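Reader: Hi! Could you walk me through the cavities in this one?
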Amino acid sequence: MRGGQRQVLLLMRALQKDGHVSELLARPYTPLWSAAKALAFEVHEATLKNVRSRARVASLVHAHDARSHTLAALAAHAPFVVSRRVAFPVKAGVFSRWKYARARRYLAVSRFVARELVRAGISSDKIDVVYDGFERSVPPSGAKPDFKAVALASRDPAKGRTLVERAARLAGTAVTFSEDLALDLPESSVFVYATQSEGLGSAALFAMSLGIPVIASRVGGLPEIVEDGVTGLLVENNAPAFARAIGELRDNRMLCCRLGGQARLRVEHEFTLEQMVERTLASYRKALAG
């Protein structure tokens, strides 16, 4: 389950705690589908028929990805809002323009994404920046005698696995490519996040929430969360730059610890679950007001 899906689940749980009733329309048997069912949420398949029927009894529809946005534009009779998490430009075709004009509001995951929406012709008055939110977690305890670098295992070529592998060879340091960040990050010293495009970087924020410094590409919304030299290191998208950053944190454990501590404080002050829910509800109220 990727960062966006985790945010959906966190939002639904928080809304339920605040007394709001919500249900999920999703692709069957995906991790999000299964997790929502396990928490006893009402879950239906995301089809045009179900969007049309469920929206008739809903006050508001929240579309969280491009396919959901299309379904909502075609079939939702209730007002709907759209979360936009990706950094690439909005398509300029006739159908795309019609679809984007239909939503009441947009919840952009970063200021960078908000600017992309404005460039596509969407009024800034219809856009709210809603950063991802994280529950407060217990920091990993105990000393880490060995330096361990972790990167995200992704089949997406834009996520830079080849770049990280080349950088690791140049730095003479092994990098663990993780399929389960919740399992591997608490034991790591640094999180290496190379990508060609990024709306925000929920995986990077998760690492920061655990007090793990991030070495990240200087692209998209990542500079909004990783402050170079304060909460992590921002580098250009080439292997030598990543290798130098990995070597610097491997060889300077005091710097590594300082960046990790500041990273955790940044998340606790600016990227909490409570802030995400509050900003989402504020956007909902604006959408319902017309």
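Reader: By class, what does the lining of the largest cavity have?
Author: The lining of the largest cavity has two nonpolar, three polar and four charged residues. Here Ala, Val, Leu, Ile, Met, Phe, Trp, Tyr, Cys and Pro count as nonpolar, Asp, Glu, Lys and Arg as charged, and the others, Gly among them, as polar. Do keep in mind that this is a predicted model, where local features need pLDDT of at least 70, side-chain atom pairs count only at pLDDT 80 or more, and totals for chains, interfaces and linings use all residues. Residues are numbered from 1 along each chain as its sequence is written, and side-chain values use heavy atoms, with hydrogens and water left out.

Reader: Which helix gives the most to that lining?
Author: Helix H11 (residues 253-270) does, with three residues. Helices are DSSP runs of H or I with at least four residues, strands are E runs of at least two, and both are numbered from the N terminus.

Reader: Switching over, how do the residues lining the second largest cavity divide?
Author: Into six nonpolar, no polar and two charged.

Reader: And where is Phe-191?
Author: Phe-191 sits in strand E9.

Reader: Is Phe-191 buried or exposed?
Author: Phe-191 counts as buried because its relative accessibility is 0%; buried means under 20% relative accessible area, exposed over 50%, partly exposed in between (1.4 Å probe, protein chains only).

Reader: What does Phe-191 touch?
Author: Not counting residues up to four places away in sequence, Phe-191 touches residues including Leu-181, Leu-185, Ile-212 and Pro-213, with contact meaning heavy atoms within 4.5 Å.
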